[in-house]
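Reader: Can we go through this model together? I'd like plain answers.

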Amino acid sequence: MNLLASMRYLVALHQYRHFGRAAQACHITQPALSNALRALEKEFGAVIVRRGRAYAGLTPEGTQVLHTAQRMLHEHERLRQDISASAGRLRGTLRMAAVPTAIPILTRFAAMLFTRQPGITPVVLSTSSQELETGLEDLSLELALGYTERMGRESRARLLAWAQYAEHYYFVRRAAPAAQEGLRIGPALSWAEASRHPLCLLTPDMHNRALIDQAFLAAGAPVSPALQTNSVLSLVLSVAGGGVCSILPGAMVATLRGHRELEALPLTGPEVRTPIGFMTQAGVQPTRALQAALDLLADPDWVRQCGENAGDITP
């Protein structure tokens, strides 16, 4: 039995919660995955996986094995990166995630990291806040960009944070007429005034939506959106289509600078500023790739790029 491979299969089963999808993700057949897990159970002399007509979760013993498997895979990747760095060129993967509204910033960061360290392969994922925190807890993610206000309140793991910017919010609509050059930044608009327009917003399970709902409530103007989506791309496309407006943070608005047919108006009354930062799990020795990413956070070029493309993007 290949113990490391079997541990990898167990982690995949926990992640996908389905034998077929886990096997597909591991590029093996479902019988091969099942046989490897049974061999793992024989190795430890305990039932690890609850089986029924479908995957039914892990036993308490299986949860213990899972936690060890997650750390084994982390240490294996860290060792691979240490050896490659000792040979003269760092090679490795860095799995990162961001809440959807911060994806533009994480993508910029990943591109700069690759430019500085070509041996690192950044993996950029878009997840909900809850999925982001779970990924940090189980070490399937090493670095995450999200709402630091949730730390200690929502996450069971002890996290470290690096503040990046404060999320500002904009009312985005079709410009009439279109601007001469690029996105038009209009005058400030109150949340109460914004509530009078048909809106496309993220779905209620997204933390960003909760923040927006709270702002409308504080303005005495709760809203029922005309359209809901879990995709920030859909938010933008719905506004570009002209039928609805939306509420977007500065990081998303910055990606629209070339769209002369749109305009963004800063929202006021109340002033909403939500802290966004990078997070890692405390108490886990970082891989070389993660350490390179953490070093980049203090680089003046990154600090400048983050400041220009997030938070308050009013010219």
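**Working through the model**

Reader: Leaving aside neighbours within four places in sequence, what is His74 in contact with?
Author: His74 is in contact with Leu139, Glu142, Val284, Gln285 and Thr287. Contact means heavy atoms within 4.5 Å.

Reader: What kind of model is this, and how are residues numbered?
Author: This is a predicted model, in which local features need pLDDT of at least 70, side-chain atom pairs count only at pLDDT 80 or more, and totals for chains, interfaces and linings use all residues. Residues are numbered from 1 along each chain as its sequence is written, and side-chain values use heavy atoms, with hydrogens and water left out.

Reader: Where is His74, then, and is it buried or exposed?
Author: His74 is in helix H4, residues 60-86. His74 counts as buried because its relative accessibility is 9%; buried means under 20% relative accessible area, exposed over 50%, and partly exposed in between, with a 1.4 Å probe and protein chains only.

Reader: How many helices and strands does the protein chain have?
Author: The protein chain has 12 helices and 14 strands. These are DSSP runs numbered from the N terminus: helices are H or I with at least four residues, strands are E with at least two.

Reader: Changing topic: at what angle do H1 and H3 cross?
Author: The axes of H1 (residues 3-16) and H3 (residues 30-44) cross at roughly 110° and come within 9 Å. The two helices are therefore roughly perpendicular, a label for angles of 65 to 115 degrees; under 35 is roughly parallel, over 145 roughly antiparallel, and the rest oblique.

Reader: Which residues make that contact?
Author: From H1 they are Leu3, Ser6, Met7, Tyr9, Leu10 and Leu13, and from H3 Leu33, Ala36, Leu37, Leu40 and Phe44. By class, that is 10 nonpolar, one polar and no charged residues.

Reader: And Glu43, buried or exposed?
Author: Glu43, in helix H3, is exposed because its relative accessible area is 52%. Glu43 and Leu3 are 40 residues apart in sequence and 9.2 Å apart in space, C-alpha to C-alpha.

Reader: Last one: what does the side chain of Thr229 reach?
Author: The side chain of Thr229 reaches the backbone nitrogen of Ser231 at 3.0 Å. Thr229 lies in strand S11, residues 227-229, and is buried, with a relative accessible area of 10%. Not counting residues up to four places away in sequence, Thr229 touches Cys200, Leu201, Leu202, Thr203, Ser234 and Leu235.

Technical notes:
Axes fitted to C-alpha atoms, helices over the stretch in contact; angles between N-to-C directions. Nonpolar A, V, L, I, M, F, W, Y, C, P; charged D, E, K, R; others polar. Polar contact = N/O pair within 3.5 Å; in protein donor to acceptor, adjacent residues only side chain to side chain.
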